[in-house]
Amino acid sequence: MFPFGVDYYPDQTPEKYWETDARLMQEAGINVVRMAEFAWALLEPEDGKFEFAWLDRALAILQAHGISAVLGTPGSSPPAWLIHAHPDLLRVRDDGVRIPYGNRHHFDPSHPLYWEYTRRIVTQMAEHYAQHPAVIGWQINNEFGDRSYSPENRRAFHKWLQKRYGSLEALNAAWGTMFWSHIYRQWEEIPLPLTIAGSPNPGLALDYYRFMSDAYVDYQQMQVDILRKICPTHWITHNFMGFGYPLINYFDLARNLDLVSWDNYPCDQWRNNPNPDFTAIALGHDTMRGLKQKNFWLMEQQAGAGGWEMISMAPRPGALRLWAYQGIAHGADGMVFFRWDTCRYGTEQYWHGLLDHHRQPSRRYYEIKQMGAEIACCGENIRGSKVKASIAMILSNDARFAFQIQGNNPQFNYNAHFVDIYRAFHRRQIMVDVVEPGADLSQYQIVVAPALHVVTEAIAENLKTYVSQGGTLVLTPRSGVKDASNAVVEMHLPGLLAELCGVEVEEYDSLPPEVKNQIEFVWPDKELSAAESPEVGIFCEILSPTTAQILALYKQDYYQGRPAITVNPFGLGKTVYVGTLGKETLYQPLVNWLLEIAEIQGVLSVAEGIEVTERWQDEQRILFILNHTTQNKILPLPGHWRNCLEDSAPLVGLASIPPRGVLVLAESKDENQA
Ligand code: GAL
């Protein structure tokens with residue numbers, strides 16, 4: 001059965017509604033709920049006194065309606081009694097202020113006492129629910145991430161540094177602490193990179209960001225260990241936050257989980273965007289699939305208008321279903337909507353679930369009920385089918401952290417740059433995997449590593465192996481600048497990657513917004529020569545080829561006529577070095593050229609606003625066509641197709657897709673069976 005569900009809060013809902021809730025869920029095709037991740041104060045109303053009867057009753061009702069449950073461990077919102085007794089369990093902000101009680105995500109992940117309390121509640125829950133027939137899995141906490149600058153973290157950071165560097169001599173050398181006389185003679189002297197202290201040593205700051213990421217990974221692991229031991233038949237996940245979330249190394253956080261799930265809100269009240277950027281959302285899905293190179297779940301998929309103090313626009317008819325299918329189109333094998341109902345109380349009074357405050361089924365409920373019926377029919381054929389990508393993009397958390405410390409140019413944004421390049425592939429309906437720098441790249445024809453700023457010997461070797469065996473690697477500005485400790489390398493840029501690129505950066509120029517340049521492609525290729533002198537800016541690196549050939553030259557300024565983009569044959573493959581930043585006018589022709597020489601075709605060629613993806617169930621090809629526009633669209637379909645979402649005549653030739661509509665089609669090899 002394809003998991004199709006809602007986030008359900010019996011802890012926030014009068015018990016008199018539970019039975020009706022379960023019936024309405026069942027009627028909508030809902031077969032799973034996630035619960036209890038914010039219920040610590042009800043599960044442990046007093047220190048050491050545990051109370052599961054209410055959750056047992058809720059589970060019994062759900063189970064009677066064929067609904068199973070993923071339980072959240074409640075560590076992201078500690079009860080008031082705990083914080084009242086131990087206010088130092090609260091997180092400290094980067095300006096040194098301890099966060100007061102009253103919201104959530106305010107705990108300190110390294111505090112030994114917090115570990116104790118977490119260990120105890122998780123053990124109690126695990127023991128109570130290990131054998132429960134309705135419980136299938138666990139979500140650890142909720143949306144990990146905020147950094148803490150508490151004394152406990154400082155102590156834990158010192159230990160982390162001792163393990164990483166072994167000696168203070170090694171640390172002082174790696175960070176270059178002779179600069180401004182920061183030499184450390186005792187571990188305890190090492191400070192935290194608080195913002196009030198001003199611009200920190202980049203080595204110290206990068207290590208602190210890594211340490212904080214590890215602190216959450218460790219805190220999660222402590223819970224994973226308990227659950228694995230007590231509940232060996234249950235799976236374990238965490239709810240991640242997509243591509244853009246910059247504070248944790250998600251590859252590390254995902255490593256010891258059974259599956260990745262994530263929270264997807266295309267239109268919340270903060271952005272309130274009538275036309276959500278569906279390409280950026282697609283990248284979110286691809287990143288989540290990439291964390292374990294495995295299909296994932298949506299654990300919170302938008303179910304209504306978002307709202308805290310402000311309220312977002314109402315999702316238009318069809319939008320919730322469209323956004324949910326987009327996740328499945330990119331590899332989701334579970335779909336859970338946030339949330340079932342809309343709470344009358346608390347910060348999220350206006351965060352709308354499938355039911356409004358009056359709890360009567362209305363438009364959004366019926367839209368998802370339609371999807372529930374569709375998934376009941378076709379979900380099992382989709383579940384487990386694979387996304388096959390021949391392109392990978394490398395997401396480097398070290399680079400992203402390093403740019404948080406030194407942005408290099410106020411207009412530069414690592415995430416935005418990544419999306420710009422992804423967009424050029426996505427526009428061509430090309431499936432992309434997002435992988436970490438050390439990943440095995442051998443299965444990909446093209447690998448793009450945007451602004452790969454921090455490069456170790458191991459990463460450089462991995463990329464060399466990939467290219468020498470026939471791969472095509474694309475690198476962009478500010479690559480190879482930093483070593484593992486965030487010191488600038490003592491080489492021509494791109495440092496350890498210079499040989500692979502056959503190029504040396506002779507000079508770099510970091511431009512203000514009003515200063516632009518242009519490039520012209522000089523490579524004999526129709527895709528490139530069709531591009532009309534793309535505008536470039538932010539960074540212009542003047543390239544000096546050693547073995548590379550020139551693809552494009554700058555058109556202006558004192559480096560007019562000097563190389564901006566090069567291509568270098570290396571082993572059986574090649575490396576393209578793009579020494580400047582642009583937008584669509586630069587990346588689209590470049591990507592078109594790369595796809596052409598690699599002979600990679602998009603899934604289908606379609607109009608702007610239509611997204612097409614494919615998944616494979618063994619030899620069975622399943623096509624997802626998503627119309628993100630508000631107009632009906634007609635598109636040509638090669639081959640013969642069966643409509644998986646409704647009984648209709650076989651589809652051949654042209655397909656019509658309504659505004660915000662979705663087609664899920666199974667390819668039929670034998671036209672009589674279409
Ligand atoms: C998510 C979070 C949920 C809820 C939702 C709406 O980020 O996990 O608990 O807060 O946003 O704001």
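Which residues does H132 touch, not counting residues up to four places away in sequence? In this predicted model, H132 touches L59 and Q63. H132 lies in the loop between α5 (112-129) and β4 (135-139). With a relative accessibility of 17%, H132 counts as buried, because the cut-off for buried is under 20%.

R339 itself is placed in the loop between β9 and α12 (363-382).

A36 lies in the loop between β2 and α2 (40-43). Its phi is near 80 degrees, which is a positive value in a residue other than glycine. Is A36 buried or exposed? A36 has a relative accessible area of 1%, so A36 is buried.

Strands β6 and β7 run parallel and are joined by two bridges, with F240 opposite W262 in β7. Between these strands the chain passes through helix α9 (residues 250-255), and this β-α-β crossover is right-handed.

In a regular strand the side chains alternate between the two faces of the sheet. How are the faces of β7 (residues 261-264) placed, covered or open? Both faces are covered.

From β7 the path goes on to strand β8 (residues 296-302). These two strands run parallel and share four bridges, and D263 stands opposite E300 in β8. Here the chain crosses through α10, again in a β-α-β crossover that is right-handed.

Helix α10 (residues 278-292) also meets helix α14 (residues 414-427). Two packed helices are described by the angle between their axes and the distance between the axes. The axes of α10 and α14 come within 10 Å and cross at roughly 95 degrees. Because angles of 65 to 115 degrees count as roughly perpendicular, α10 is roughly perpendicular to α14. On the α10 side, the contact is made by F278, T279, A282, L283 and D286. On the α14 side, F418, V419, Y422, R423 and H426 take part. By class, this contact has six nonpolar, two polar and two charged residues.

The loop between α13 (397-405) and α14 holds N408. The phi of N408 is near 70 degrees, a positive value in a residue other than glycine. N408 has a relative accessible area of 31% and is therefore partly exposed.

The last stop is a hairpin. Strand β21 (residues 610-617) and strand β22 (residues 620-627) pair in the antiparallel sense over eight bridges. One of the paired positions is W616, whose bridge partner in β22 is R621. How many residues lie between β21 and β22 in the hairpin? There are two, and D618 in the turn has a positive phi of about 50 degrees. Strand β21 is mostly covered, as seven of its eight residues are buried.

Conventions: Residues are numbered from 1 along each chain as its sequence is written. Side-chain values use heavy atoms; hydrogens and water are left out. Buried means under 20% relative accessible area, exposed over 50%, partly exposed in between (1.4 Å probe, protein chains only). Two strands pair if DSSP finds at least two bridges between them. Axes are lines fitted to C-alpha atoms, for helices over the stretch in contact, and angles run from 0 to 180 degrees between N-to-C directions. Angles under 35 degrees count as roughly parallel, over 145 as roughly antiparallel, 65 to 115 as roughly perpendicular and the rest as oblique. Contact means heavy atoms within 4.5 Å. Ala, Val, Leu, Ile, Met, Phe, Trp, Tyr, Cys and Pro count as nonpolar, Asp, Glu, Lys and Arg as charged, and the others, Gly among them, as polar. A crossover is right-handed if, with the strands pointing away from the viewer, the path from the first strand over the helix to the second runs clockwise.
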